[in-house]
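Please look over the sequence and structure below before reading on. The briefing that follows goes through the chain topic by topic.

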Amino acid sequence: MIKRFIIVGILLAVVFGGLAVFQYVIKPKLIADFVAGMKPPPVTISATRAKSERWQPTLSSIGTVAAIRGVSVSPVVGGRVKSIHFESGQSVKQGALLVALDDSIEQAQLKESQSALKLAELDFQRGLELFQKNNFAKASLDKARAQRDQAEAKVESLQATIRQKKILAPFSGRLGIRQVNLGQFLSPGTAIVPLQALDPIYVNFSLPETDLPKLNTGQTVMLKVDGYPGESFRGRITSIDAEVNQSTRNVLVQATLRNPGSKLVPGMFANVEVLYANEIERVTVPQTAISYSLYGDSVFVVVEGKATKEGDKPPLIVQRRGVKAGPRRGDVVAILSGLKAGDTVVTSGQIKLQNGARVAISDTVDLSPPKDRPKP
């Protein structure tokens, strides 16, 4: 009986011991070997090759479009608006009548002054005839001449005032929005309407003082504005300020552009590029290929890894490579160092990558977040 209990105990010890060894020794090793043997599937990415392109070196800045001539038309003398001869937004020629002020009082005063001038002229001529016959004193003749000249000056003054009652366009250009109404009394200096000469037109922009040696009058300037995406306007530098701003250490530059369709309007925000040197070779990649961070810019370059078995095709893996990004044109960035033409760079899917990860290149897979994908 005792032998049976001993045999059963030994058998139970062997069974439970074997289970313990399997559970705590063999099973973890099997799981570890299985996991080690598993390889994650390659990450699907989009990629393109870095290109070698000829780029024109440029200086970039932000500018403001300004009229070559621009004023707010206003009267020199006061008066009530008698008639308005323009419409808002109209193009006018130099000397065109814009507004006429009531000049009835001045016209009446002019007639009175002209009559006084005629009488003063007759008195002077009579005195001159008598003086030539020695029958008129020299002092009386001088007094008659002075009265004639005073009457003539008064006539000219009234004629000038009447001319100023007619407000003319000082130069050719396009009018803005009318700011006066018929019958309104205008004081001297009251704004009537803006007038801008739009062709040619200026763009004013600033550049750091370090770029001053690269600037010369006559250099080509390319201008882009948000109102006309994809369209460029060409001009030339016509003036460089004679001093550097002491607060910003920038120099003010002015360029002149043709504006035949009046697309550019004063006050527009503009992106300006100054072409200052000959074209040079640059390695370029799409902007989406670059990962920006505080520690520097980088790209993922696709290379061939080592084949696991002889005869197998080498897998594609990625290597993170630091680069120095240069100027940008649209969606393309020039790489100054860290990359050479022909290198294959990842353009989308970088968020799922790490150094050495296997990848599969596919330009047909939509890698955008689900919320950004178009609905079928």
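Are Glu 106 and Lys 165 buried or exposed? Glu 106 is buried, and Lys 165 is buried too. The model is a predicted one. The chain holds three helices and 20 strands.

**The chain as a whole**

- Of the 376 residues in the chain, 29% are buried.
- The chain exposes about 24100 Å², and carbon and sulfur atoms supply 55% of that area.
- If contacts between residues at least 6 apart in sequence are taken, 73% of them join residues at least 24 apart.

**Helix α3 and what covers it**

- Helix α3 takes in residues 138-164, which is 27 residues.
- The buried residues in α3 include Leu 141, Ala 144, Arg 148 and Ala 151.
- Val 155, Leu 158 and Ile 162 in α3 are buried as well.
- The cover over the buried residues of α3 includes helix α2 (104-132) and strand β7 (166-168).

**Salt bridges**

- Side chains of opposite charge can pair when their charged atoms come close.
- The whole structure contains 11 salt bridges.
- One of them joins the side chains of Glu 106 and Lys 165, at 3.6 Å from N to O.
- This pair links distant parts of the chain, with Glu 106 in helix α2 and Lys 165 in the loop between α3 and β7, 59 residues apart.
- Glu 121 and Arg 148 also form a salt bridge, and their closest N and O atoms are 3.0 Å apart.
- This pair, too, links distant parts of the chain: Glu 121 belongs to helix α2 and Arg 148 to helix α3, 27 residues apart.
- Glu 121 has a relative accessible area of 27%, so it is partly exposed.
- Arg 148 has 15% relative accessibility and therefore counts as buried, since buried means under 20%.
- Another salt bridge is made by the side chains of Lys 340 and Asp 343, at 3.2 Å from N to O.
- Lys 340 counts as exposed because its relative accessibility is 53%, whereas Asp 343 is buried, with a relative accessible area of 10%.

**The four-stranded open sheet**

- Four strands form an open sheet in the order β7-β6-β4-β9, and their pairing is antiparallel.
- Strands β7 and β9 (185-186) stand at the edges with a single partner strand each, so one side of each has no neighbour in the sheet.
- Inside this order, strand β4 (residues 79-84) and strand β6 (residues 97-101) run antiparallel and are joined by three bridges.
- Val 81 stands opposite Leu 101, a residue of β6.

**Strand β3 and its partners**

- Strand β3 covers residues 58-73 and runs antiparallel to strand β14 (residues 269-275), with seven bridges between them.
- Ser 61 stands opposite Val 272 of β14.
- Strand β3 also runs antiparallel to strand β10 (residues 193-208), and 10 bridges join these two.
- Arg 69 stands opposite Ala 197, which belongs to β10.

**Ser 206**

- Ser 206 lies in strand β10.
- With a relative accessible area of 34%, Ser 206 is partly exposed.
- Leaving aside residues up to four places away in sequence, Ser 206 touches Ser 61, Ile 62, Asn 250, Val 251 and Leu 252.
- Ser 206 and Ile 240 are separated by 34 residues in sequence and by 9.7 Å in space, from C-alpha to C-alpha.

**A nonpolar surface patch**

- Ile 2, Ile 6 and Ile 10 make up a nonpolar patch on the surface, and together they have about 320 Å² of accessible area.
- Ile 2 is part of helix α1 (residues 2-37).
- Ile 2 counts as exposed because its relative accessibility is 65%.

How values were computed. Residues numbered from 1 in each chain as written. Predicted model: local features only at pLDDT ≥ 70, side-chain atom pairs only at ≥ 80, totals over all residues. Heavy atoms only, no water. Expected span 1.5 Å × (residues − 1). Buried < 20%, exposed > 50% of the residue type's maximum accessible area, 1.4 Å probe, protein only. Contact = heavy atoms within 4.5 Å. Pairing = 2+ DSSP bridges. Patch = residues over 30% accessible without salt bridge, like charges linked within 9 Å, V, L, I, M, F, W, Y side chains within 5 Å. Areas by Shrake-Rupley, 256 points an atom, 1.4 Å probe, with all protein chains shown as cover. Salt bridge = Lys/Arg side-chain N within 4 Å of Asp/Glu carboxyl O.
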